[in-house]
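Please look over the chain below before reading on. The text then walks through it part by part.

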Amino acid sequence: GQQLREKDGAAGFLSHYQNRRLASHLMRDIARILMAEAALKSVRADESLRPEHQQKLESNYTKSLVFFRQRLSDTRNAFPEFFERFEATLSAKSALAAALLHIEEAHHRGSLTTKVYLYLEQRLQQSMDEIRPIAEPVQDISARKLIELVPLFSDLPELALDKITQHAMPLNYLEGDTVIGTGEQGDALYVFARGRLQVLLKHDGQETKLAELGAGEFFGEMALLGDHIRGADVRAISSCSLLRINSKDGLAVAGRHPEMFERLGTVKVERLA
């Protein structure tokens, strides 16, 4: 939310929070798909329904199923690394939950002694607790390759690129989220990884679209030039992934490489124009 945006000390918490939102978003869509499938099956098997009523219900549930399946597919395409881990985590938890249920039933039937049951339950629960939380930041976003594509960082020495990559924090945003807001205090540069973002200028209650950003482009660079008040909104118009580089780390690199400051100055002139 706005209270967390652009707060350098809250960047880690924001990453955790955004990933939890994404996981919840996926879980809700999966639940809606399962409910629509169950409802569709029930409607088709209900012989007491009048044909026209049955047809209308079937049409509504089919539309819902198509919509949420497409949204799930869009999320998979926007966040492939996150989705892969989410899917693996969900599968692992489902398998362990099924195993717990199985040994509980076996214990009730008397085919497992209490001692063996308690031992197996402890081991399965321990395995469940050791599953990596979905909300941890996704680190395998190929930050280095992305940073190398950004003109601002081109031709910098390997050590400088390593430092920037080391401190770049991956963040995920959902459609409609505001990444930076007009008039807010800024403290970071953002590199756009995937998805769709738009830059909006607010004036007299109206919004004017200035630009759409593509992979490898960056924004928020004014924070590295001493202008910490954001002059425009940057909003997600689809699910998207970014890398956040705080001013302290960016300036540490720029201080050793004057050409980076020169490029920032050029960008500032171009964007003010």
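This is a predicted model: local features need pLDDT of at least 70, side-chain atom pairs count only at pLDDT 80 or more; totals for chains, interfaces and linings use all residues.

Residues are numbered from 1 along each chain as its sequence is written, and side-chain values use heavy atoms, with hydrogens and water left out.

The protein has 8 helices and 8 strands; these are DSSP runs numbered from the N terminus, with helices being H or I of at least four residues and strands E of at least two. Of the 273 residues in the protein, 41% are buried. Buried here means under 20% relative accessible area, exposed means over 50%, and partly exposed lies in between, with a 1.4 Å probe and protein chains only. A contact means heavy atoms within 4.5 Å. Among contacts between residues at least 6 apart in sequence, 78% join residues at least 24 apart.

Start with helix α1, residues 11–45, where Arg-44 is found. Leaving out residues up to four places away in sequence, Arg-44 touches Gln-54, Glu-58 and Thr-62. With Glu-58 there is a polar contact between the side chains, at 3.1 Å. Such a contact is a pair of N or O atoms within 3.5 Å; within protein, one must be able to donate a hydrogen and the other to accept it, and residues adjacent in sequence count only if both atoms are side-chain atoms. Arg-44 and Gln-55 are 11 residues apart along the chain, and their C-alpha atoms are separated by 8.9 Å.

Helix α4, residues 114–129, holds Arg-123, and Gln-125 lies in helix α4 as well. Arg-123 counts as partly exposed because its relative accessibility is 44%. Gln-125 is also partly exposed, with a relative accessible area of 35%. From Arg-123 to Leu-100 the C-alpha distance is 10.0 Å, across 23 residues of sequence. From Gln-125 to Leu-100 the C-alpha distance is 8.2 Å, across 25 residues.

Arg-263 is found in helix α8, residues 258–272. Its relative accessible area of 22% makes Arg-263 partly exposed. Which residues does Arg-263 contact, leaving aside its neighbours within four places in sequence? They are Pro-151, Leu-152, Phe-153, Ser-154 and Asp-155. Arg-263 and Leu-152 are 111 residues apart in sequence, yet their C-alpha atoms are 6.2 Å apart in space.

Asp-177 sits in the loop between β1 (169–173) and β2 (178–180). Asp-177 counts as buried because its relative accessibility is 13%. The side chain of Asp-177 reaches the backbone nitrogen of Leu-174 at 2.9 Å. Apart from neighbours within four places in sequence, Asp-177 is in contact with Gln-18, Arg-21, Val-234, Arg-235 and Ala-236.

Turn now to the aromatic rings. Rings of Phe, Tyr and Trp (its six-membered ring) pair if their centres lie within 6.5 Å; planes under 30 degrees apart count as stacked, over 60 as edge-to-face and the rest as tilted. By this rule the count is 2 aromatic pairs. Phe-67 and Phe-68 are edge-to-face because their planes stand at 80°, with ring centres 5.0 Å apart. Phe-67 is partly exposed at 47% relative accessible area, whereas Phe-68 is buried at 13%. Tyr-190 and Phe-219 form a stacked pair, with 5.3 Å from centre to centre and 10° between the planes. This pair links distant parts of the chain: Tyr-190 is in strand β3 (residues 188–194) and Phe-219 in strand β6 (residues 218–219), 29 residues apart. Tyr-190 and Phe-219 are both buried.

Tyr-190 has a further partner in Arg-244, and a polar contact of 3.4 Å joins their side chains. Arg-244 lies in strand β8, residues 240–246, and counts as buried because its relative accessibility is 5%.
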